Amino acid sequence: MLFRSLNASASVDPPLTSLTTGKRVATTSGTPIADRSNPNAMPLAIHSHAPGTGAVITNTAITDTSDLAPLGVNLAFASDRVGGRFQIFRIQENAGGNAFAQQLTFETGGNRENREPSWSTAVGKIAYQAGAPGARGINVINADGTGESKMTPDPSPNGYPCQDDRDPTWSPDGRYIAYACLEPSLASSPDVQAKTYNIWVHDNNQSILTEGGDFRLVGSTVPNTELLNPAWSPDGKSIAFVRGGLGGNSQIVAVDVSGGVANCNGVCNVYALSFSNANVSRPAWSPDGSQIAFVSTRGAGGHDIYSMP
């Protein structure tokens, strides 16, 4: 077996009590997403994309068509600015005091691409999803672009079941990477989709690809429900993620991993952080862990940025 599955992994199936609706903090005409930036550099980055335009908005604007950025910025992002294929870039300061976008990955095969970078300052590495849509894995690369390596195994009929891995997020100490795994549905109802995303964890202390360092942390048996966009809290005690039905409303929930992510074994508490009366996505913690920013359509139907305590 290439993985160990916590068969009694925490479930988000029981009714959950919502805590907050969140307050709107940004409105755009495009589709904003929270980029995973170096948390020591800035609290929040927002990517907004409308037809024919693109911009990364921080405390100072950085356009997606320019390689210039403010001094002191440490940001990893995905862009298709070179050849129309999404690659991982890093904003880096040069000797002249200006910042520029350094390309870190150079994928060329088929329709493969690299997206969703997540930066660990603890180990100086960037995790990202790599591969063709529907058949991606999680890769890791050093912040300077060296040492690219594959983290998650290839799927196998009798072993690792994940056929698509996405949305990586590091634990604060750099030991674990949580991600969304597309695996055969855990629901028993006959009218469910065959595969759904659940939250899995990769243990970087295990020998890569060989010792079973990947396990399911949270799984849902509710028909046609997916778990996506995990985000590890800065204190390492919680992982927020999105729970929702396909094409319907969703909510931000969290799993308590204060006792150790590898020790959950079905006993870790799962609790709701937002109502499920709108579509929400991409939770991102503030550096001090006191707030969560997220994307929602709960306003006039457009994608806006909200925050909640």
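## Disulfides in a predicted model

Cys181 is buried, at 0% relative accessibility. The model around this residue is predicted. Cys181 is bonded to Cys162, with the two sulfur atoms 2.0 Å apart. Cys162 is also buried, at 1% relative accessibility. Both values fall under the 20% cut-off for burial.

The geometry of this bridge has a handedness. The torsion about the S-S bond of Cys162 and Cys181 is about -95 degrees, so the disulfide is left-handed. Cys181 sits in strand S15, residues 176–184. Cys162 sits in the loop between strand S13 (149–150) and strand S14 (164–170). The pair therefore ties together parts that are 19 residues apart in sequence.

A search of the whole structure finds two disulfides. The other joins Cys264 to Cys268, with an S to S distance of 1.9 Å. The S-S torsion of Cys264 and Cys268 is about -95 degrees, so this disulfide is left-handed. Cys264 is buried, with a relative accessible area of 1%. Cys268 has a relative accessible area of 14% and counts as buried.

How are the bonded cysteines paired along the chain? Counted in chain order, they follow the pattern 1-2, 3-4. Each link is covalent, because a disulfide is a bond between the sulfur atoms of two cysteines.

How values were computed
Residues are numbered from 1 along each chain as its sequence is written. This is a predicted model: local features need pLDDT of at least 70, side-chain atom pairs count only at pLDDT 80 or more; totals for chains, interfaces and linings use all residues. Side-chain values use heavy atoms; hydrogens and water are left out. A disulfide is a pair of cysteine sulfur atoms within 2.5 Å. Helices (H or I, at least four residues) and strands (E, at least two) are DSSP runs, numbered from the N terminus. Buried means under 20% relative accessible area, exposed over 50%, partly exposed in between (1.4 Å probe, protein chains only).
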